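Please read this note with the model open beside you. The points are numbered, and each can be checked by going to the residues that it names.

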Amino acid sequence: MTIDEAPRYGGHDSGANPVEHMLAGLAAASLVVLRLLGEVALAESATLTVSASVNVGRVMGTDDGAAIEMIRLDWHVANAEHAERLRAALPHLARRRPGQALIDAASISTEGVSIRELTTADE
C-alpha cells in the first residue's frame with residue numbers, strides 16, 4: 001500500500017493520501033458489517049461512495065475545529081426493496097461499524113440511500 005501526499009503537503013503524489021485510505025477503509029468496513037448483519041445480497045449489489053472534507057488547518061496545527069468537517073456516505077442500491085432493507089439496517093450497521101467514531105466526530109455527517117437508475121448495460 002503506497003501512502004503519500006500532494007507536493008504542497010510535502011509529498012510526491014505517488015499514492016493515495018491517508019484520508020483517502022481512511023475513507024476506503026470506512027467503506028470496506030461498512031460493507032463487511034452489512035454482510036455480518038445477514039444482508040449479503042445487499043452488500044454484494046450495493047455501491048457505497050464515501051467522501052469527506054478535511055479541516056487542513058487542524059491537521060497543520062493552526063485550527064482547533066473538528067479534523068473532519070463533513071463526511072458523507074452515499075449508498076446506491078438496485079431497487080426499492082433493497083433501499084427499504086438497507087435503511088432498516090443502517091442503525092444496526094452504525095452500532096457495529098469500525099470507524100463509526102470518525103463519522104460521529106465530524107462536524108456534519110450524512111448517510112443516505114438512493115436507487116440506481118438502470119442504464120442499458122444493466123438491462
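The points below go from the whole chain to single residues.

1. This is a predicted model, in which local features need pLDDT of at least 70 and side-chain atom pairs count only at pLDDT 80 or more, while totals for chains, interfaces and linings use all residues. Residues are numbered from 1 along each chain as its sequence is written, and side-chain values use heavy atoms, with hydrogens and water left out.

2. The protein chain has 5 helices and 3 strands, where helices (H or I, at least four residues) and strands (E, at least two) are DSSP runs numbered from the N terminus. Read from the N terminus on, the order of these elements is α-α-β-α-β-α-α-β. Taken along the principal axes, the C-alpha atoms fill a box of roughly 45 × 30 × 25 Å.

3. Of the 123 residues of the protein chain, 28% count as buried; buried means under 20% relative accessible area, exposed means over 50%, and partly exposed lies in between, with a 1.4 Å probe and protein chains only. The chain exposes about 7,500 Å², of which carbon and sulfur atoms supply 54%, and such areas come from the Shrake-Rupley method with a 1.4 Å probe, only the protein chains shown counting as cover for residues. Among the contacts with a separation of 6 or more, 58% are made by residues 24 or more positions apart, a contact being heavy atoms within 4.5 Å.

4. Side chains of opposite charge can pair when their charged atoms come close. How many salt bridges are there by the rule used here? The count comes to 5 salt bridges, each being a side-chain nitrogen of Lys or Arg within 4 Å of a carboxyl oxygen of Asp or Glu. Glu 39, Glu 81 and Arg 85 are linked in a network of such bridges.

5. Two of the pairs can be described by how open their partners are. Arg 35 forms a salt bridge with Glu 44, with the closest N and O atoms 3.3 Å apart; Arg 35 counts as partly exposed because its relative accessibility is 40%, whereas Glu 44 is exposed at 55%. Asp 74 and Arg 72 also meet in a salt bridge, at 2.8 Å from N to O; here Asp 74 counts as buried at 18% relative accessibility, and Arg 72 is partly exposed at 40%.

6. Arg 97 deserves a look from two sides. Glu 111 forms a salt bridge with Arg 97, the closest N and O atoms being 3.0 Å apart. This pair links distant parts of the chain, since Glu 111 is in strand β3 (residues 108-115) and Arg 97 is in the loop between α4 (80-96) and α5, 14 residues apart. Arg 97 is buried at 4% relative accessibility, while Glu 111 is partly exposed at 27%. Gln 100, in helix α5 (residues 100-105), has a side chain in polar contact with the side chain of Arg 97 at 2.8 Å. A polar contact is a pair of N or O atoms within 3.5 Å; within protein, one must be able to donate a hydrogen and the other to accept it, and residues adjacent in sequence count only if both atoms are side-chain atoms. Gln 100 counts as buried, at 12% relative accessibility.

7. Is Asn 55 buried or exposed? Asn 55 is buried, because its relative accessible area is 9%, and this residue is found in the loop between β1 (47-54) and α3 (56-60). The side chain of Asn 55 reaches the backbone oxygen of Ala 66 at 3.3 Å. Leaving aside neighbours within four places in sequence, Asn 55 is in contact with Asp 63, Gly 65, Ala 66, Ala 67 and Glu 69.

8. Asp 13 has a positive phi of about 60 degrees although it is not a glycine. Asp 13 lies in the segment before α1 (18-36) and is exposed, with a relative accessible area of 53%.
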